[in-house]
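This briefing concerns the pockets of the structure shown below and the residues that line them.

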Amino acid sequence: MQKQKASSQLLRAAVGFILGLVWLIPFYLMISNSVKTKQEIFTNPLGIPDSFTWDNYPEAFTQLDFLKTLFNSLLITVVSVVVIVIFSSLCAYALERMQTKLSTFIFMVFVAAMLVPFQSVMIPLISLFGKAQMLNQAGIIFMYLGFGASMSIFLYHGALKSIPKALDEAAIIDGANRFQVFWKVIFPMLKPTTVTVVVLNTMWIWNDYLLPSLVINSPSTQTIPLKMFFFFGQYTKQWHLALAGLVIAVLPVIIFYFVMQKQIIKGVADGAVK
């Protein structure tokens, strides 16, 4: 029995190790090729660099106008995520606590909206926002709220079901109004869900290329994914600079993860317990 258990653990460890290696291959290719010359990338794409060329990084940093581009990405991502968290949590709270046919119908509309692909509404949406003169950073934040609200409301709505209404009633008896009940009593209890919503929306918005490419026309307001396209021209592709730029571009996400690591793990664990 112990031998079977040991064999099973060994098999799981081997499978996990192999899957880990497969998952790390793209990162290895990105990092190793980012320190190669343009010629060596094509002659030796899989091997270790013959000589490490660090000149790709400062050149990619300059051509990306990285500090300005980073600010644009941070502005759009942070504001969009904050807006999504505020509005989706409030909306989910109202829909879950009302418990009427109308609230159920509205919730089902939000759930159904999760199934609508962006490509199906892309052209009329851009046309509508163009007529309203909102093809700018404010417009794209508003669009992200629309596309991110459905999933976030769904997550918050499910979490709110586990919070008894007696807490609301007790807070109201103590003199709190509805907003105070939500922000001071209910919302802190939704921290695991909030962490999930923040992580999912941050990763999606930070890496999004299609929507910014349709909305943002000014070079001074472009995000990192848009600027990365600068390295891929009609006749030339600067892979050495593009890969160095990708390494620089993923650093903020990695830093975000390590800074929020405890909160992310705790949020996921708390959500699993609930």
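The lining of the second largest pocket takes at least three residues from each of domain 1 (1-53) and domain 2 (64-272), with bounds from an automatic or database domain assignment. The model is predicted: local features need pLDDT of at least 70, side-chain atom pairs count only at pLDDT 80 or more, and totals for chains, interfaces and linings use all residues. Residues are numbered from 1 along each chain as its sequence is written, and side-chain values use heavy atoms, without hydrogens and water.

**Second largest pocket**
- Its volume is about 260 Å³ (the space filled by probe spheres set on grid points joined across faces, edges and corners).
- A pocket is an open set of points on a 1 Å grid over the protein atoms alone where a 1.4 Å probe fits, with protein on both sides within 12 Å along at least five of seven lines; lining residues have an atom within 4 Å of a point.
- α1 (2-34), α10 and α13 (239-259) each supply at least two lining residues (helices are DSSP runs of H or I, at least four residues, numbered from the N terminus).
- The largest contribution, five residues, comes from α13.
- Among the lining residues are Trp23, Phe27, Met203, Asn207 and Val247.
- The lining has ten nonpolar, one polar and no charged residues (nonpolar: Ala, Val, Leu, Ile, Met, Phe, Trp, Tyr, Cys and Pro; charged: Asp, Glu, Lys and Arg; polar: the others, Gly among them).

**Largest pocket**
- The largest pocket has a volume of about 580 Å³.
- Of its 24 lining residues, Val116, Gly146, Phe147, Gly148 and Trp204 are the closest to the centre.
- α7 gives the most to this lining, with nine residues.
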